[in-house]
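The following exercises are to be worked with the sequence and the model at hand. Each task is followed by a solution in steps.

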Amino acid sequence: MTVTHRVAIRPSGAELEVRGDEDVFTAARRLGYRWPTVCGGKGTCRTCFVEVDEGAENCSPVGPLEREGIQALRRPVDGRTRLACQLRVAGPVTVTKRGVRRPVQE
């Protein structure tokens with residue numbers, strides 16, 4: 001059985017079930033959401049950054065690549081700003097990220 005954790009995205013109202021072995025960005029793509037990115041989840045463009053509103057205690061530690069990205073955004077490395085492509089969760093988390101949406105079905 002795969003363990004999943006809920007990540008709520010504001011302001012879109014999207015709710016993701018993130019698997020224990022994936023980051024938030026990868027989960028969003030797997031579930032059919034479009035997430036703002038340039039590098040496609042490699043941690044280099046920093047476009048995927050989120051603001052953690054609730055559940056920071058359930059977030060993975062900030063690694064070196066993510067730390068560099070957050071500092072490049074001129075934001076404090078305090079656990080509030082995170083890169084979705086690097087962020088893994090171990091419990092419920094609520095984040096703010098504008099531009100997250102499901103693709104239009106034709």
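**Exercise 1. Determine whether Cys48 is buried or exposed, and state how it stands to the other cysteines.**

Solution. Step 1: Cys48 has a relative accessibility of 4% and therefore counts as buried (buried is under 20% relative accessible area, exposed over 50%, partly exposed in between, with a 1.4 Å probe and protein chains only). Step 2: the structure holds zero disulfides, a disulfide being a pair of cysteine sulfur atoms within 2.5 Å. Step 3: for Cys48, the nearest cysteine sulfur is that of Cys85, 3.7 Å away. Step 4: Cys59 is likewise in no disulfide, and its nearest cysteine sulfur, that of Cys48, lies 13 Å away. Cys59 counts as buried at 15% relative accessibility.

The model is predicted, so local features need pLDDT of at least 70 and side-chain atom pairs count only at pLDDT 80 or more, whereas totals for chains, interfaces and linings use all residues. Residues are numbered from 1 along each chain as its sequence is written, and side-chain values use heavy atoms, with hydrogens and water left out.

**Exercise 2. Give the strand order of the sheet and identify its edge strands.**

Solution. Step 1: helices (H or I, at least four residues) and strands (E, at least two) are taken as DSSP runs, numbered from the N terminus; two strands pair if DSSP finds at least two bridges between them. Step 2: the five strands form an open sheet in the order β2-β1-β5-β3-β4, with mixed pairing. Step 3: β2 (14–19) and β4 each pair on one side only, and are the edge strands. Step 4: direction ignored, neighbouring strands are turned by 40° against each other on average (axes are lines fitted to C-alpha atoms, and angles run from 0 to 180 degrees between N-to-C directions).

**Exercise 3. In which sense does β5 pair with β1, and in which with β3?**

Solution. Step 1: β1 (residues 4–10) pairs with β5 (residues 93–96) in the parallel sense, over four bridges. Ala8 stands opposite Thr94 there. Step 2: β3 (residues 49–54) pairs with β5 in the antiparallel sense, over three bridges. On this side, Glu54 stands opposite Thr94 and Glu51 opposite Thr96.

**Exercise 4. Describe the surroundings of Glu51.**

Solution. Step 1: Glu51 is in strand β3 and is buried, with a relative accessible area of 14%. Step 2: leaving aside residues up to four places away in sequence, Glu51 touches Arg75, Arg80, Thr81, Thr94, Val95 and Thr96 (contact means heavy atoms within 4.5 Å). Step 3: the side chains of Glu51 and Arg75 are joined by a polar contact of 2.4 Å. Such a contact is a pair of N or O atoms within 3.5 Å; within protein, one must be able to donate a hydrogen and the other to accept it, and residues adjacent in sequence count only if both atoms are side-chain atoms.

**Exercise 5. Which residues of α2 are buried, and what follows the helix?**

Solution. Step 1: in α2 (residues 64–72), Glu66, Gly69 and Ile70 are buried. Step 2: seen down the axis, the buried residues of α2 fall within an arc of 95°, so they line one face of the helix; the arc is that of the directions from the helix axis to the C-beta atoms. Step 3: these buried residues pack against β4 (81–83). Step 4: just after α2, Arg74 takes a positive phi of about 60°. Arg74 lies in the loop between α2 and β4 and counts as exposed at 77% relative accessibility.
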